[in-house]
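Please examine the sequence and the three-dimensional structure shown here before reading on. The report that accompanies them is written for a reader who is new to structural description.

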Amino acid sequence: MFMSDKPIKGEKRVFMTGNEVCAWAALAADADIMYGYPITPQNEVMHYWTRLSPKHGRKFLQTEDEISAGFTTIGGVMAGRKSFSATAGPGNTLFQEPMSMAEMMRIPTVVIIMQRGGPSTATVIYSQQEVTMTTFGGNGEGFRVVYSTSGHQDLYDYTIKSFNTAWKYKFPTFVLGDGYQAKMREPLTMYDPAERGIEMVKPFPYVGKPGMPGTDRPTEYLRNTYNTEAELYDAIMEIARDYEKAAPEIIEWENVQTDDADTLIVAHGIVSRAARGAVETLRKDGIKAGHFRPITLRPFAEEELRKAASKAKNILVVESSYGQFLKLVKEYLYGLDKPIDTILRPGVGITAEEIVARIKEGR
Amino acid sequence: MAVKIVLAGEGGQGVQAIANILAEAADAEGKEAIYIPNFGVEQRGGVSIAYVQIDDNKIGSPKFPKADIVVALSGRAITRTARYVDGRTTFVYDSSTVASAEIREEAIGIQGVEADPRSQRQTEVIDDSKGTNFELPKNAGNIVGIPANHIAKNELHPRVFNIMILGAVVKATGVVTVEQVKLAIEAKLGDKFEKNPGLRDLNYRALEKGMSLVERVV
Amino acid sequence: MSMQPNMPKSWNPDTKPHKFCPGCGHGLVLKMLGEAIDELGIQDKVIFGCDIGCSLLAWDFFNVDSIQTHHGRTTPVITGVKRADPELIGIAYMGDGGGYAIGSQHLVNAATRNEKITVILVNNTNYGMTGGQMAPTTLPGQKTETSPYGRDPEDTGYPTLGPEMVAAITRKGAYVARGTMSNPKQLKKFIKKALENQVQGNGFSFVEALASCPTNWRTNAEATWHFVEKDMAEYFQVGEFKVPGAKEGEK
């Protein structure tokens, strides 16, 4: 493996687009190879990676489509290299085929998703409409890790973290961003993970280990097919056990003034910034609002959400989708008898003002 | 509270370039800044809009419903940006006739890696001799017409039209210092200035001229 | 009264001027297609499918029922239409990405099955709509957003020769040609023959059209023409590769 000079030394404050941030973060995380296919709004992740990667001994392949991008990423991982891809919208739909295989075979792929309008081609701009697909897509059980970022510092931090989470726990891992984050410019601090005490997990090969197969070492026979119901059941339950065991170490969340909140705003990703702003405004006006932000959508901080929700009098779920996040939230709130109001705006950005207005209206 | 700025014009008028310069200047000054362009399937031919927010504290959503200042540089831009106007908005528009956009070959802007600003080409050719007959937003707090295109053509150079607009925005909002803006321009165009020092002078004059056309409103 | 430019009858005048970039090859290809449809009198039978690249901008171009499909899926959608109602004339319109990358499996299979549809593929050596990434037909050394240092054939092979491939895998009844925007008359002839081939029910018809993309090539008018007429034509041979009635093994 080519360990060249560090692409980022020390720390530096920069002002760049989200797509560029992801390319730099992947470099900082020692990613070896990116496989990708053009789709707006994540194209620039590829544009930056193709310019930067040769300088650091990393590789790139533009594949013929997203199905191929997903499977080539799997191949790269199996060869023991940190491989990643990026996609959006209809590309994410195609990615579900390879990601199902990654789920079944415990393959640590890292994929950056920049959500755009859906379904189908819709808009190239923005949405939070790929939540269901990214958390539970394909024909699987959702044994995946999904980080929902709310801005550029998150994109940087969690792209790096994704490689560690993926390679440590061996579940396909996703950075769930959106078109606004992809295209906007805002400041963040880039850093060398080592200088912050973050140890990067080393990749390992699934195939191609040294030695003669069968003689020097056991031959690797990797499959995702089973013959009987019982066999499959055992295989799935083993994955489930590993997943449940890893979950407490992976889940992340944030509480914003939820201890004494009457109204609990539940939101994720970039909408969380609007929720935060709303809490600030409402508190100034004497209204006790709080905000619960799940950072991992899979696995979900169910206990923490219930804790925050049980203290509140009512709940407001806000998302740029027609209820994909609401569905998750309701599942985790099962049994808690609190009125739930919603702001559902498929494909449309949401501002703090809107949230404030809704909460004031409801009083 | 963040200052919310909307800049809009035809592709080729350099709207994204100056929005970026403004955001970069604010960032260099240690402020929080967010810049986001509008973008759709048609990367070419639509109205080019840039949203900039500048604040001392961390900024929330990248988009906003109403702006503190809207600058609309073409008839279509006036119509397109009316939705961002309310009683506290200062609406600045180009009062000289809406003319066809100048497309510069050495475009300023995020080159090569992001969508090329030159790809935002105008598809409507509007007759120079007709007056602008687009409706101005009546609900604006303040409407300011500046004969920007006319001035750029006759007193400066069409090439620095957008830098002049930048000057006007800097003066009207007071979000960054002129010095910082000049540094940001230098960072972007420095090597072009090295080849042609007259360009630096032209750009700075355009900046000053733009500042002279408006008052501080935000 | 202003002078209306000469437009094919099958064009929808309400959606003109069109949204393609100045200097784009699509406009000319669509004009030749429009004229061919007019001359064959098939406007009321045509179903026009387009991809999501720049071909997307043709979705309301004609006064002809049109379907905008997902990327690379225009061929199978039009195949589906034609199979269900063979009286219709199915045209699948796409770019080099939609035809030779994500849509290649569909192209190969439609050709192999000799589907009685007409595929028109506009080759401008890049992914235009998404900002100029490398395409299967990008030339060696050509700089694009994902081959910023120039396409290296040692790494990513040579440009796809689509018509050659389709000619090799099709049999009797297929019509395969490559035209160029720099010879519109010939291009129209090829498109017309391709459509006639479908009208006669012979088999699969395929026309690739070499076209310009000055926006993403970053070329002025002179350089644009040079690229199409010299650089592209050097690599992509213009002509007919398969004509129905030709014996096996013959071109």
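## Overall form of chain C

The structure is a predicted model. Chain C contains nine helices and seven strands. Its C-alpha atoms fill a box of roughly 55 × 50 × 30 Å along the principal axes.

For 251 residues, a compact globule would have a radius of gyration near 18 Å; the value for chain C is 17 Å, which agrees. Buried residues account for 55% of the 251 residues in chain C. Of the contacts in chain C between residues at least 6 apart in sequence, 68% join residues at least 24 apart.

## Two helices of chain A

Two packed helices are described by the angle between their axes and the distance between the axes. In chain A, the axes of helix 3 (residues 66–78) and helix 4 (residues 89–105) come within 7 Å and cross at roughly 30°. Since angles under 35 degrees count as roughly parallel, helix 3 of chain A and helix 4 of chain A are therefore roughly parallel to each other. The crossing of helix 3 of chain A past helix 4 of chain A is right-handed.

Helix 3 of chain A contributes A:E66, A:I67, A:G70, A:F71 and A:I74 to the contact; they meet residues of helix 4 of chain A that include A:L94, A:F95, A:P98 and A:M101. The residues of this contact between helix 3 and helix 4 of chain A divide into nine nonpolar, two polar and two charged.

## Cis peptide bonds

A cis peptide bond joins A:G118 to A:P119, with omega about 0°. A:P119 belongs to the loop between strand 5 (110–115) and helix 5 (131–136) of chain A.

In chain C, a cis peptide bond links C:K16 and C:P17, and omega is about 5°. C:P17 lies in the segment before helix 1 (26–40) of chain C.

## Positive phi angles

Although A:A122 is not a glycine, it has a positive phi of about 45°. A:A122 is placed in the loop between strand 5 and helix 5 of chain A. Is A:A122 buried, exposed or partly exposed? A:A122 has 16 other C-beta atoms within 10 Å, so it is partly exposed.

C:T125, a residue other than glycine, has a positive phi near 55°. C:T125 is in the loop between strand 4 (118–123) and helix 5 (153–156) of chain C. C:T125 counts as buried because it has 29 C-beta neighbours inside 10 Å.

Notes. Residues are numbered from 1 along each chain as its sequence is written. Chains are lettered from A and ligands numbered from 1 in the order in which they are written. This is a predicted model: local features need pLDDT of at least 70, side-chain atom pairs count only at pLDDT 80 or more; totals for chains, interfaces and linings use all residues. Axes are lines fitted to C-alpha atoms, for helices over the stretch in contact, and angles run from 0 to 180 degrees between N-to-C directions. Helices (H or I, at least four residues) and strands (E, at least two) are DSSP runs, numbered from the N terminus. Angles under 35 degrees count as roughly parallel, over 145 as roughly antiparallel, 65 to 115 as roughly perpendicular and the rest as oblique. A crossing is left-handed if the near helix is turned anticlockwise from the far one by less than a right angle, and right-handed if clockwise. Two residues are in contact if their C-beta atoms, placed from the backbone, lie within 7 Å. Ala, Val, Leu, Ile, Met, Phe, Trp, Tyr, Cys and Pro count as nonpolar, Asp, Glu, Lys and Arg as charged, and the others, Gly among them, as polar. The radius of gyration is taken over C-alpha atoms; the globule rule is 2.2 Å times the number of residues to the power 0.38. A residue is buried if 20 or more other C-beta atoms lie within 10 Å of its own, exposed if 12 or fewer, and partly exposed in between; C-beta atoms are placed from the backbone.
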